[in-house]
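Here are my notes on the model. Please read them with the structure open beside you.

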Amino acid sequence: MSEMTRRQLVGRAAATAMGAAAGWTRASSARAEAGGGAFTLPALPYAEDALEPSIDAMTMGIHHGKHHAAYVSKLNDAVAQAPGLKGKSIEEILRNINDVPEAVRTAVRNNGGGHANHSLFWTILKKGGAQPGGGFSKAIEGAFGGIDALKKVLTDAGMARFGSGWSWLVVGADKKLAVESSANQDSPLMEGRTPILGIDVWEHAYYLKYQNRRNEYLAAIFNVIDWEAVGKNYEKAVGY
Ligand code: MN3
């Protein structure tokens, strides 16, 4: 083989490889445009072990890196089949869940709910988080009689939820605070209310450390609730 021929062959192989790479890139962006990949897993705002010992690092790692990641992936698969949802925020989609095409509605309800619920959950947790202050503190006083009473109502809602679900502090259409619980990954957004604090009571949230002792998990989680973050969510929800 002459030197020239060899160089030509190498050059052609390189060009083919580059063409294949470019084709792959085009195919990827076509998938993204069709809706796949629209939602992404938000990074944890702290290290996986940041909430120890209340919530252990292994639970955090699996909860965020496996469970939440799976909701995002399956949500993207569902949204890719419903072009009308393209470009909409997850909050907007969940507030109008009955407008989602029936073929993908259950998938969006479960996985879109899972994505929104966990995205909120990570941001209201913090070791040594602040206590409620200002107007939020007054609203808690008015609605529940105080922070300790609110914690009890949230705990009772979490304990009473049979199977998997969430205990929520929400702001209603009347701008008032209320506590409720939901099954599975249903969000208060689907009922026209705005969740400002969510406590995950699925077993995956606590079983590695607390096993069947949901009551101990619910007691411990109040060590790591960031009431300042919840207060900011409150102010946004009531339109301050
Ligand atoms: Mn969870």
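1. The axes of α5 and α9 approach within 9 Å and cross at roughly 85°. That makes α5 roughly perpendicular to α9 (65 to 115 degrees counts as such; axes are lines fitted to C-alpha atoms, for helices over the stretch in contact, and angles run from 0 to 180 degrees between N-to-C directions). On the α5 side, G135, F136 and A139 make the contact, and on the α9 side W227, V230, G231 and Y234 (contact means heavy atoms within 4.5 Å).

2. This is a predicted model, in which local features need pLDDT of at least 70 and side-chain atom pairs pLDDT 80 or more, while totals for chains, interfaces and linings use all residues. Residues are numbered from 1 along each chain as its sequence is written, and side-chain values use heavy atoms, without hydrogens and water.

3. Helices (H or I, at least four residues) and strands (E, at least two) are DSSP runs, numbered from the N terminus. Helix α6, residues 147-160, has 14 residues. From first C-alpha to last, α6 reaches 20 Å, close to the 20 Å expected at 1.5 Å a residue (1.5 Å times one less than the number of residues).

4. Which residues of α6 are buried? They are L150, L154, A157 and G158 (buried is under 20% relative accessible area, exposed over 50%, with a 1.4 Å probe and protein chains only). These cover an arc of only 100° around the axis, which puts them on the same side of α6 (the arc is that of directions from the helix axis to the C-beta atoms). The face turned away from that buried side carries exposed D148, K152 and A160.

5. The cover over the buried residues of α6 includes α5, β3 and α9. In β3, six of its seven residues are buried.

Methods
Parallel < 35°, antiparallel > 145°, perpendicular 65-115°, else oblique.
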